[in-house]
Amino acid sequence: MTIEVLSDLVISQIAAGEVVERPASVVKELIENALDADAKNIYVEIQEGGRRLIRVSDDGVGILPDEVPLAITRHATSKLRQTEDLYAIKTLGFRGEALASIVSVSSATLVSRHRQEKMGVELRMQGGELLSKRAVGVPVGTVITIENLFYNTPARLKFMKADTTERRHIQNLLTDYAMAYPHVRFVFMQDGREVFRSSGNGVLEDVVVKVFGLDTFKQMIAVSSEETLRTSSRLRVRGFVSLPDLHRNDRSRVVLFVNGRAVQDNGLAHAVTQAYHMLLERGRYPYAVLLVDVPPDFVDVNVHPTKAEVRFQDSGAVFVAVQRTIREALIQPLRTGEGGKPVVAMPTTLPQQQGMGWVLDTSGRTSMREPLPEREEELEAIPTGMGKPAKPRTLPPLRVVGQVGGMYIIAEGPAGVYLIDQHLAHETVIYDELSDLLQREQPIPIHEGAGVTVDVRGTQARVLEAILPVLEPYGIVLEMFGTTTVLVRAVAGFVPPERAGEVVTRLLLLLEARAEVETAALQALSNVGAVRMGQRLTQDEMQEIVRRLERCATPLQSPSGRRTLLHMSADQLLSEFGRRD
Ligand code: ADP
Ligand code: MG
């Protein structure tokens with residue numbers, strides 16, 4: 001055979017074998033392009049596991065009309081100019097071969113309108129050949145439709161798995177990106193049905209709840225650390241990891257992003273599992289979402305065409321940081337507050353009702369029956385919340401024993417043991433105390449200049465505008481800023497300034513669920529102001545919450561109607577241990 005230089009089309013099809021392994025790889029490349037184009041909304045639609053159709057629409061900057069044909073040309077990229085750039089890549093793409101590869105093995109339509117243009121361009125292609133090009137009236141952004149993937153590469157087609165498998169791969173990928181980019185709204189449609197949507201409100205934990213579900217999220221804790229590498233470059237690790245009681249038999253839910261790039265790095269994944277050493281059995285793996293940020297020149301992303309592997313200048317430093325950050329977060333809740341007291345050995349998942357005594361005592365009788373301690377005055381001297389006169393007790397005085405799982409406070413009282421949900425209890429306390437202040441026509445202390453802005457929809461903006469004066473006495477001082485932006489001028493003093501925006505988003509959610517404005521305001525404030533699940537509390541902090549809970553009007557029920565505590569009476573304990581019959 002004679003030696004000939006391969007045509008561009010053949011080269012693209014060969015490259016497609018590396019870049020485009022399966023439908024999920026197409027979705028990954030298209031999502032990365034949309035993110036590189038600064039999209040705030042990304043819609044992904046698939047049919048038949050992506051085999052029939054994959055469509056990714058974004059509202060990013062779009063492509064200039066002259067450059068549209070270039071976008072689908074091999075080694076054409078707007079993201080890399082010279083070799084040096086390779087060592088400090090800030091975009092997800094840079095090789096300029098993904099689109100060329102994808103369109104060479106499918107029927108493709110690319111529609112794009114650049115934000116400086118009045119019209120968009122539509123290209124239709126088949127197996128890499130241009131069929132048509134025309135001007136079209138479309139909104140700013142890019143829509144790429146890939147149909148009949150691998151129709152002209154039968155070998156590839158044969159290797160495709162069942163639709164359900166491909167669908168799962170795509171869904172995992174999409175939800176991973178939604179978690180790594182909480183500021184971007186992702187919507188996922190499968191065969192005409194919406195199966196996932198993130199809000200794009202920038203709050204990672206909201207997306208994690210959407211992806212893993214609330215029950216799983218409740219068993220996860222926040223991790224976060226930042227350290228300095230060399231001179232002033234930062235290594236940041238943040239995210240959520242599961243407590244040791246939640247685990248699974250594969251590593252598929254260990255989600256790792258480095259500088260916003262999804263990576264499958266065995267070393268890094270190992271650092272995560274190592275953090276659970278002695279906490280998880282062999283062969284069990286945690287849930288984790290970890291976003292690692294390093295300086296761009298600290299990491300080489302050009303190791304593999306799919307860019308799933310990365311190489312760190314100092315991998316040791318990164319692995320140690322990841323491992324230590326998780327380990328510290330895991331160990332903390334297991335320690336009690338002070339003085340080297342022993343670890344509280346209590347299961348974090350408690351036996352349910354059946355046969356066991358952990359039940360809610362709703363009778364309210366407990367507080368009557370129980371003798372108050374003799375030194376009641378001493379307890380009174382402890383400040384209760386917002387400087388109001390002491391209210392009547394609704395719970396007996398409880399002594400905090402410790403914290404479990406970063407979520408629950410264990411306390412004992414004359415009538416037995418109490419397990420208190422720290423978030424719900426604190427929420428109840430704040431709600432109660434705020435209602436009390438308002439009833440006595442006392443102002444709610446605020447701090448001014450929270451200065452946070454929140455983007456809302458037009459209809460939401462109009463709702464907020466109408467209720468601005470109602471919100472003010474509640475310590476939610478807003479100002480409309482343009483038609484879809486709300487500026488938080490001031491917010492109740494107990495809300496950390498950086499979380500002021502969440503008060504607005506929470507408020508809107510409650511209003512959409514048809515809550516009364518006043519109730520919604522109180523609920524939003526108490527929800528955001530309360531300590532969070534997974535937050536480690538000192539003995540004093542826990543005692544403070546409990547002390548205030550003891551005087552709430554309805555200490556057993558949170559503002560949203562959930563139980564705040566489980567109580568096991570001394571009697572129940574005795575009989576559970578067979579000491580009484
Ligand atoms: P790379 O992302 O590595 O540059 P691609 O083949 O994925 O290569 O894309 C080629 C070029 O097409 C990009 O550099 C970019 O200029 C343009 N492009 C592709 N998708 C989009 C999009 N969704 N929005 C704006 N520009 C895009
Ligand atoms: Mg790309």
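Author: A polar atom of the R499 side chain lies 3.3 Å from the backbone oxygen of V528. That falls under the definition of a polar contact: N or O atoms within 3.5 Å, one able to donate a hydrogen and the other to accept it, with sequence-adjacent residues counted only if both atoms are side-chain atoms.

First, the ground rules. The model is predicted, so local features need pLDDT of at least 70 and side-chain atom pairs pLDDT 80 or more, while totals for chains, interfaces and linings use all residues. Residues are numbered from 1 along each chain as written, chains are lettered from A and ligands numbered from 1 in written order, and side-chain values use heavy atoms, without hydrogens and water.

Back to R499. It sits in the loop between β21 (485-492) and α15 (500-512). Helices are DSSP runs of H or I with at least four residues, strands are E runs of at least two, and both are numbered from the N terminus. R499 counts as buried because its relative accessibility is 10%. Buried means under 20% relative accessible area, exposed over 50%, and partly exposed in between, with a 1.4 Å probe and protein chains only. Leaving out residues up to four places away in sequence, R499 touches V528, A530 and R532. Contact here means heavy atoms within 4.5 Å.

Next, α16 (residues 517-529). Its axis comes within 11 Å of that of α14 (residues 458-471), and the two cross at roughly 75 degrees. Axes are lines fitted to C-alpha atoms over the stretch in contact, with angles from 0 to 180 degrees between N-to-C directions. So α14 and α16 are roughly perpendicular. The bands are: under 35 degrees roughly parallel, over 145 roughly antiparallel, 65 to 115 roughly perpendicular, the rest oblique. I467, V470 and L471 of α14 meet V517, E518 and A521 of α16.

Another pair is α6 (residues 163-180) and α7 (residues 204-212). Their axes are 8 Å apart, at about 160 degrees. These two helices are therefore roughly antiparallel. T175, A178 and M179 of α6 face L204, V207, V208, V211 and F212 of α7.

Then α17 (residues 539-549). The buried ones include M542, I545 and R547.

Last, D571 in α18 (residues 570-576). D571 is partly exposed, at 46%. D571 and A415 are 156 residues apart in sequence, yet 8.3 Å apart in space, C-alpha to C-alpha.
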